[in-house]
Amino acid sequence: MLAVYPGSFDPVTCGHLDVIQRGARIFDRLIIAVLRNEQKNPLFSVEERVEMVRASIGGIDNVEVDSFDGLLVQYAKQKGAKALIRGIRAISDYEFELQMALMNRRLAPEIETVFLMAGEAYSFISSRLVKEVIRLGGDIQGLVPAPVETRLRRMLS
Ligand code: PNS
């Protein structure tokens, strides 16, 4: 069974990576779908975000990385996916995730949203905070995969 794991991945974090590894163990194939939408004003271009995910997942052979635009369920249907994966960190994520899952279900009842909990060691990590910490000179080692850390440091130097 094919699942799609969508997100902005601006940039991919160790929490995302943990969800990817868990998803890849459950589903036969997993497509990580990076949202192209420039309205969210991402720090990295979609090409950079895709490349960072690719560089970070090395070695998981049932995982592909792609980008998408427009409606997520449309993209998932076009790929033949039966499930969407989303990671949940804390109860604060739940409200928005529930809203999205129910909207996606209304749009495409045949596609199920599956929530995965990242390991507790990653529960406080978000792309937004990682960007803020590095911008202010803090240490982000262990919060993002090594290729992302290198790129973030290069961006600041
Ligand atoms: O990593 P993010 O920013 O939390 O991911 C949000 C994402 C990409 C899953 C969401 O914004 C999305 O699905 N966008 C595509 C447009 C769409 O389908 N909107 C309706 C969803 S209810």
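**Exercise 1.** Find the polar contact that the side chain of Arg151 makes, and decide whether Arg151 is buried or exposed.

*Solution.* The side chain of Arg151 makes a polar contact with the side chain of Glu51, at 2.9 Å, where a polar contact is a pair of N or O atoms within 3.5 Å; within protein, one must be able to donate a hydrogen and the other to accept it, and residues adjacent in sequence count only if both atoms are side-chain atoms. This is a predicted model, in which local features need pLDDT of at least 70 and side-chain atom pairs count only at pLDDT 80 or more, while totals for chains, interfaces and linings use all residues. Residues are numbered from 1 along each chain as its sequence is written, and side-chain values use heavy atoms, with hydrogens and water left out. Finally, Arg151 counts as buried because its relative accessibility is 14%, and buried means under 20% relative accessible area, exposed over 50%, and partly exposed in between (1.4 Å probe, protein chains only).

**Exercise 2.** Describe which residues surround the ligand and which of them place polar atoms by its oxygen atoms.

*Solution.* Begin with the shell, which includes Gly7, Lys40, Phe68, Met100 and Asn104. By class it has six nonpolar, four polar and two charged residues (Ala, Val, Leu, Ile, Met, Phe, Trp, Tyr, Cys and Pro count as nonpolar, Asp, Glu, Lys and Arg as charged, and the others, Gly among them, as polar). Helix H4, residues 91-107, gives the largest share of this shell, with three residues. Then take the distances to ligand oxygen atoms: a polar side-chain atom of Ser8 lies at 2.6 Å, a backbone N or O atom of Leu72 at 2.8 Å, and a side-chain N or O atom of Arg86 at 2.9 Å. The protein covers 76% of the 550 Å² of accessible area that the ligand has on its own (Shrake-Rupley method with a 1.4 Å probe).

Methods: Near = heavy atom within 4 Å. Helix = DSSP H or I, 4+ residues; strand = E, 2+ residues; numbered from the N terminus.
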